[in-house]
Amino acid sequence: MSDNAIKIGVSNKDGQLGFLSGRGGLREGAGRKGIGCTKKVSLTLPEKLWNKLEEDCTATALSRSEMIRNIITAYYS
């Protein structure tokens with residue numbers, strides 16, 4: 001198998017798959033650390049507000065999720 005091959009492994013977390021490269025395996029504590037509980041939401045806004053949000057995301061180099069999280073955090077602080 002080449003070093004560039006991808007293998008799928010089973011994580012020790014229920015229902016989660018891990019991706020292994022040819023150079024290593026799953027490691028406890030590896031990867032991006034979570035910042036909280038993830039919940040999917042649907043948000044309806046007028047197109048004018050969506051456009052403003054997208055402009056601000058581009059100007060600040062933030063993702064839409066990061067921008068909305070910052071707005072909500074500021075509101076509740």
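What share of the 77 residues in the protein is buried? Buried residues make up 9% of the chain in this predicted model. The accessible surface comes to about 7300 Å². Carbon and sulfur atoms account for 54% of that surface.

The fold comprises two helices and two strands. Along the sequence, these elements follow the pattern β-β-α-α. Helix H1 spans residues 47-60, and helix H2 spans residues 64-76. Contacts between residues at least 6 apart in sequence were examined for their range. Of these contacts, 5% join residues at least 24 apart.

Charged side chains were considered next. Side chains of opposite charge can pair when their charged atoms come close. The count of salt bridges in the model is two. One of them joins Asp 56 to Lys 52. The closest N and O atoms of Asp 56 and Lys 52 are 3.0 Å apart. Both residues of this pair belong to helix H1. Their spacing is four residues, about one turn of the helix. Asp 56 has a relative accessibility of 27%, so Asp 56 counts as partly exposed. Lys 52 is also partly exposed, at 43% relative accessibility.

A salt bridge also forms between the side chains of Arg 64 and Glu 54, with an N to O distance of 2.7 Å. This pair links distant parts of the chain, 10 residues apart. Arg 64 lies in helix H2, whereas Glu 54 lies in helix H1.

The loop between H1 and H2 contains Ala 61. Phi of Ala 61 is near 55°. This is a positive value in a residue other than glycine. Ala 61 has a relative accessible area of 68%. The cut-off for exposed is over 50%, so Ala 61 counts as exposed.

The structure holds one aromatic pair. Tyr 75 and Tyr 76 form this pair, with ring centres 5.0 Å apart. The angle between the ring planes is 85°. Angles over 60 degrees count as edge-to-face, so the Tyr 75 and Tyr 76 pair takes that class. Both tyrosines, Tyr 75 and Tyr 76, are exposed. Helix H2, at residues 64-76, includes both positions.

Rolling a probe the size of a water molecule over the atoms shows where empty space is left. The largest pocket has a volume of about 780 Å³. Its lining consists of 19 residues. Which residues lie nearest the centre of the largest pocket? They are Thr 38, Lys 39, Val 41, Ser 65 and Arg 69. Helix H2 supplies the largest share of the lining, with six residues.

Through Arg 64, H2 is linked to Glu 54 of H1. H2 also contributes six residues to the lining of the largest pocket.

Key
Residues numbered from 1 in each chain as written. Predicted model: local features only at pLDDT ≥ 70, side-chain atom pairs only at ≥ 80, totals over all residues. Heavy atoms only, no water. Salt bridge = Lys/Arg side-chain N within 4 Å of Asp/Glu carboxyl O. Buried < 20%, exposed > 50% of the residue type's maximum accessible area, 1.4 Å probe, protein only. Phe/Tyr/Trp six-rings, centres within 6.5 Å; stacked < 30°, edge-to-face > 60°. Contact = heavy atoms within 4.5 Å. Areas by Shrake-Rupley, 256 points an atom, 1.4 Å probe, with all protein chains shown as cover. 1 Å grid on protein atoms, 1.4 Å probe; cavity = no way out; pocket = protein on both sides within 12 Å on 5 of 7 lines; lining within 4 Å. Points joined across faces, edges and corners; volume = space filled by probe spheres on them.
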